[in-house]
Amino acid sequence: MNNKSKIIIIAAFLVLLGVGGYIASVLEAIEVGGSCANTSQRDSCAGPGAACITADSGNYCSITCKQAAECPAGWACRDIASETYSGKTGEKTDSAAVSMCVKP
């Protein structure tokens with residue numbers, strides 16, 4: 001087998017691996033309002049600016065918004081506190097207000 005054939009096989013394998021990863025992430029995505037209580041699911045929320053919100057009623061997926069019309073029916077668009085922590089040290093690195101769709 002010559003070098004050109006090997007490169008083509010490797011490239012095809014990498015493309016298939018990328019497509020498989022994309023499909024897995026789409027199938028794993030949690031829709032707005034879905035539970036993200038499991039810590040391994042917190043980065044799996046789907047939608048624009050999606051994030052897992054921690055609330056007294058439990059953790060659920062939400063999206064960013066500018067007005068209530070962008071949220072699911074009955075939900076409100078409210079400013080919530082968003083905190084970012086360092087993966088290495090666990091220290092808080094940022095804090096800001098973000099408008100997110102919030103369950104009633």
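## A greasy face on the helix

Leu14 is exposed, with 52% relative accessible area (exposed means over 50%, buried under 20%, and partly exposed in between, using a 1.4 Å probe and protein chains only). Leu14 sits in helix H1, which covers residues 3-28; helices here are DSSP runs of H or I with at least four residues, strands are E runs of at least two, and both are numbered from the N terminus.

## What you're looking at

This is a predicted model, so local features need pLDDT of at least 70 and side-chain atom pairs count only at pLDDT 80 or more, while totals for chains, interfaces and linings use all residues. Numbering starts from 1 along each chain as its sequence is written, and side-chain values use heavy atoms, with hydrogens and water left out.

The protein chain has 1 helix and 4 strands, and reading from the N terminus the order is α-β-β-β-β. Of its 104 residues, 16% count as buried. The chain exposes about 7,500 Å², and 57% of that comes from carbon and sulfur atoms; the areas are worked out by the Shrake-Rupley method with a 1.4 Å probe, and for residues only the protein chains shown count as cover. Take the contacts (heavy atoms within 4.5 Å) between residues at least 6 apart in sequence: 37% of them join residues at least 24 apart.

The largest nonpolar core has 9 residues: Ile53, Tyr60, Ile63, Cys65, Cys71, Trp75, Met100, Cys101 and Val102. A core here is a set of buried Ala, Val, Leu, Ile, Met, Phe, Trp, Tyr and Cys residues joined through side-chain atoms within 4.5 Å. Strand E4, residues 92-102, gives this core its largest share, 3 residues. As for Val102, if you skip its neighbours within four places in sequence, its contacts are Tyr60, Trp75, Ala76, Arg78 and Ile80.

## Disulfides

A disulfide is a covalent bond between the sulfur atoms of two cysteines. Here, a pair of cysteine sulfur atoms within 2.5 Å counts as one, and the total comes to 4 disulfides. Number the bonded cysteines in sequence order and the pairing reads 1-3, 2-4, 5-7, 6-8.

Start with Cys36 and Cys52, whose sulfurs are 2.0 Å apart. The S-S torsion of Cys36 and Cys52 is about 90 degrees, so this disulfide is right-handed. Cys36 lies in the loop between H1 and strand E1 (51-55), and Cys52 in E1, so the bond ties together parts 16 residues apart in sequence. Both ends are tucked away: Cys36 is buried at 0% relative accessible area, and Cys52 is buried at 18%.

Next come Cys45 and Cys61, also joined by a disulfide, with sulfur atoms 2.0 Å apart. The torsion about the S-S bond of Cys45 and Cys61 is about -70 degrees, so that disulfide is left-handed. Cys45 lies in the loop between H1 and E1, and Cys61 in strand E2 (residues 58-62), so this pair links parts 16 residues apart in sequence. Cys45 is buried, at 15% relative accessible area, and Cys61 is buried at 1%.

Then there's Cys65 with Cys77, S to S 2.1 Å. With 105 degrees about the S-S bond, the link of Cys65 and Cys77 is right-handed. Cys65 lies in the loop between E2 and strand E3 (76-85), and Cys77 in E3, so the bond ties together parts 12 residues apart in sequence. Cys65 is buried, at 6% relative accessible area, whereas Cys77 counts as partly exposed at 23%.

## One salt bridge

Side chains of opposite charge can pair when their charged atoms come close. The structure holds 1 salt bridge, defined as a side-chain nitrogen of Lys or Arg within 4 Å of a carboxyl oxygen of Asp or Glu. Which residue does Lys92 pair with? Its partner is Glu83, with the closest N and O atoms 3.5 Å apart. Lys92 is partly exposed, at 46% relative accessibility, and Glu83 is partly exposed too, with a relative accessible area of 40%.
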